[in-house]
Amino acid sequence: MHLYKPSLTFMLLISIMQTAVSQVITDTTNTGNSAVTVANNCSKTADYKNKFPTRALIMPGIMVAYGFATIKSDGLKHLNEEIKEEISTEHPHKLIHADNYLQFAPAAAVYGLNAFGIKGKHNLVDRSLIYILSNVIVNASVSVTKKYAHQLRPDSSSYTSFPSGHTAEAFASAEFLRQEYKDVSPWYGVAGYTVAAATGYLRMYNNKHWFGDIVAGAGFGIASTKIAYWLYPKIQHLLFKNKNVHTFIMPSYKQGAFGLCMVKQL
């Protein structure tokens with residue numbers, strides 16, 4: 001066993017966290033620049049004219065691009081193999097299935113914090129619809145990419161390795177938590193991204209994904225929620241304008257199946 005390998009994996013995982021958390025710390029909490037302002041009902045959306053968040057999507061785009069590069073680059077494929085060998089082969093272990101639940105933990109925290117009186121940016125209806133919209137985007141994009149990338153998982157169980165859906169969901173949820181509570185404290189976002197990074201690591205620990213799958217999944221997840229926060233006020237303005245809306249029905253997409261989600265504010 002080569003002594004440099006543990007430090008290599010550690011540094012790669014830390015680099016993901018630094019990439020993600022850097023935007024948590026550096027992103028301003030200026031309400032005037034937020035994608036959506038605090039709303040007391042579904043009709044109040046002040047920023048529907050905001051431009052597409054191109055700059056905010058640069059880092060997630062780089063992460064997705066890196067993931068795609070690992071499919072073609074022999075050097076990056078070798079790096080994937082090195083990490084798999086270190087985690088799975090040289091350190092055999094029992095599988096831990098906490099990743100199936102951790103992926104939703106940051107989003108669950110949003111509702112838990114609100115239940116305990118720590119109010120976020122949006123009310124129940126608005127934040128629920130934004131989260132649904134984020135999931136529609138992330139699940140559709142990940143499902144389509146998995147189909148056409150057709151990459152074999154490290155454990156050879158299927159050809160749906162790229163990108164990691166669990167990691168995408170985890171980072172989409174983490175960005176959701178960050179967006180809702182960045183005006184309260186940036187550390188909520190840091191906590192969410194830490195849980196998301198742990199989810200990504202567990203996907204490799206359980207031998208379900210390559211490192212490139214994890215990086216790309218994180219990029220897809222972050223981008224999906226950022227786009228949802230940009231798109232949601234535009235949908236509201238287009239459909240409702242000055243009407244007070246307390247019930248909203250929106251399409252959903254999960255694991256290749258379309259459906260409908262309804263959110264009602266009582």
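Biologist: Why is Tyr-188 called partly exposed?

Modeller: This is a predicted model. In it, Tyr-188 has a relative accessible area of 23%. Partly exposed covers the range between the 20% limit for buried and the 50% limit for exposed. The value falls in that range, so Tyr-188 is partly exposed.

Biologist: What makes Tyr-181 buried?

Modeller: Its relative accessibility is 0%. Buried means under 20%, so Tyr-181 counts as buried.

Biologist: Why is the aromatic pair of Tyr-111 and Phe-176 called tilted?

Modeller: First, the count: there are eight aromatic pairs. One of them joins Tyr-111 and Phe-176, with 40° between the planes. Stacked needs under 30 degrees and edge-to-face needs over 60, so this pair is tilted. The rings lie 6.5 Å apart, centre to centre. The cut-off is within 6.5 Å, so they count as a pair.

Biologist: What makes this a link between distant parts of the chain?

Modeller: Tyr-111 is in helix H5, residues 105-115. Phe-176 is in helix H7, residues 165-181.

Biologist: Is Phe-176 buried or exposed?

Modeller: Phe-176 has a relative accessible area of 1%. That is under 20%, so Phe-176 is buried.

Biologist: How do you know that Tyr-111 is partly exposed?

Modeller: The relative accessible area of Tyr-111 is 27%. Buried would need under 20% and exposed over 50%, so Tyr-111 is partly exposed.

Biologist: What makes the pair of Tyr-181 and Tyr-188 tilted?

Modeller: Their planes stand 45° apart.

Biologist: Which residues do ring pairs link into a cluster?

Modeller: Tyr-111, Tyr-131 and Phe-176.

Biologist: Now the backbone. What is noted about the phi of His-150?

Modeller: His-150 has a positive phi of about 50°, although it is not a glycine. His-150 sits in the loop between H6 and H7.

Biologist: Why is His-150 called partly exposed?

Modeller: Its relative accessible area is 47%. Exposed means over 50% and buried under 20%, so His-150 is partly exposed.

Biologist: What is the phi of Ser-156?

Modeller: Ser-156 has a positive phi of about 60°, and it is not a glycine either. Ser-156 lies in the loop between H6 and H7.

Biologist: Which residues does a cis peptide bond join?

Modeller: Phe-162 and Pro-163, with omega about -10°. Pro-163 is in the loop between helix H6 (124-149) and H7.

Methods:
Residues are numbered from 1 along each chain as its sequence is written. This is a predicted model: local features need pLDDT of at least 70, side-chain atom pairs count only at pLDDT 80 or more; totals for chains, interfaces and linings use all residues. Side-chain values use heavy atoms; hydrogens and water are left out. Rings of Phe, Tyr and Trp (its six-membered ring) pair if their centres lie within 6.5 Å; planes under 30 degrees apart count as stacked, over 60 as edge-to-face and the rest as tilted. Helices (H or I, at least four residues) and strands (E, at least two) are DSSP runs, numbered from the N terminus. Buried means under 20% relative accessible area, exposed over 50%, partly exposed in between (1.4 Å probe, protein chains only).
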